[in-house]
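This report describes one protein chain, beginning with a single residue and widening to the chain as a whole. The sequence and the structure come first.

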Amino acid sequence: MIIFKVLGFIILVFAICLAIVIYTIMNRLRKATENFKQQMGGEKTQQNSQRYNAGSHSAETIIDSRIPERAEKKIIPKSEGEYVDFEEEK
């Protein structure tokens, strides 16, 4: 009789863990699809979308849909790297 109680408890714990794992996976998939839709232009607004012309000879348009604070953020901090003056050889 006690074996059935222990076995039932183990099955219950396994089912709860499985439900948590499934919920986590579904939540990540939902967030990924929302992020994908946003990046592909599904939810663009005028204030966070900036267009830049790639050049006078190019018909390519680059669209930056990041928020302005994030778009202006430096990738490499000033404390790293060094400036090298480039000189073109003739």
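Isoleucine 25 is found in helix H1 of what is a predicted model.

A search of the whole structure finds one salt bridge, in which the side chains of arginine 30 and glutamate 34 meet at 3.1 Å, N to O. Side chains of opposite charge can pair when their charged atoms come close.

Both partners lie in helix H1, which covers residues 2–39, and they are four residues apart, or about one turn of the helix. An α-helix has 3.6 residues a turn, so residues three or four places apart point the same way.

## Helix H1 and the chain as a whole

Helix H1 has 38 residues and reaches 56 Å from its first C-alpha to its last, which is close to the 56 Å expected at 1.5 Å a residue. After H1 comes glycine 41, whose phi is positive, near 100 degrees.

The chain has two helices and two strands, and these follow the pattern α-β-β-α when read along the sequence. Of the 90 residues in the chain, 3% are buried, while the accessible surface of the chain comes to about 9400 Å², with 61% of that area belonging to carbon and sulfur atoms.

## Confidence in the model

The average pLDDT of the chain is 78, and 77% of the residues score at least 70. Confidence in the chain is highest in H1, at a mean of 94, and lowest in strand E1 (residues 50–53), at a mean of 48.

Over residues 45–50 the pLDDT stays under 50, and for these residues the model has 13 contacts beyond four places in sequence. Where pLDDT is low, the predicted coordinates should not be read in detail.

Conventions:
Residues are numbered from 1 along each chain as its sequence is written. This is a predicted model: local features need pLDDT of at least 70, side-chain atom pairs count only at pLDDT 80 or more; totals for chains, interfaces and linings use all residues. Side-chain values use heavy atoms; hydrogens and water are left out. A salt bridge is a side-chain nitrogen of Lys or Arg within 4 Å of a carboxyl oxygen of Asp or Glu. Buried means under 20% relative accessible area, exposed over 50%, partly exposed in between (1.4 Å probe, protein chains only). Accessible areas come from the Shrake-Rupley method with a 1.4 Å probe; for residues, only the protein chains shown count as cover. The expected span of a helix is 1.5 Å times one less than its number of residues. pLDDT is the predictor's confidence in each residue, from 0 to 100. Contact means heavy atoms within 4.5 Å.
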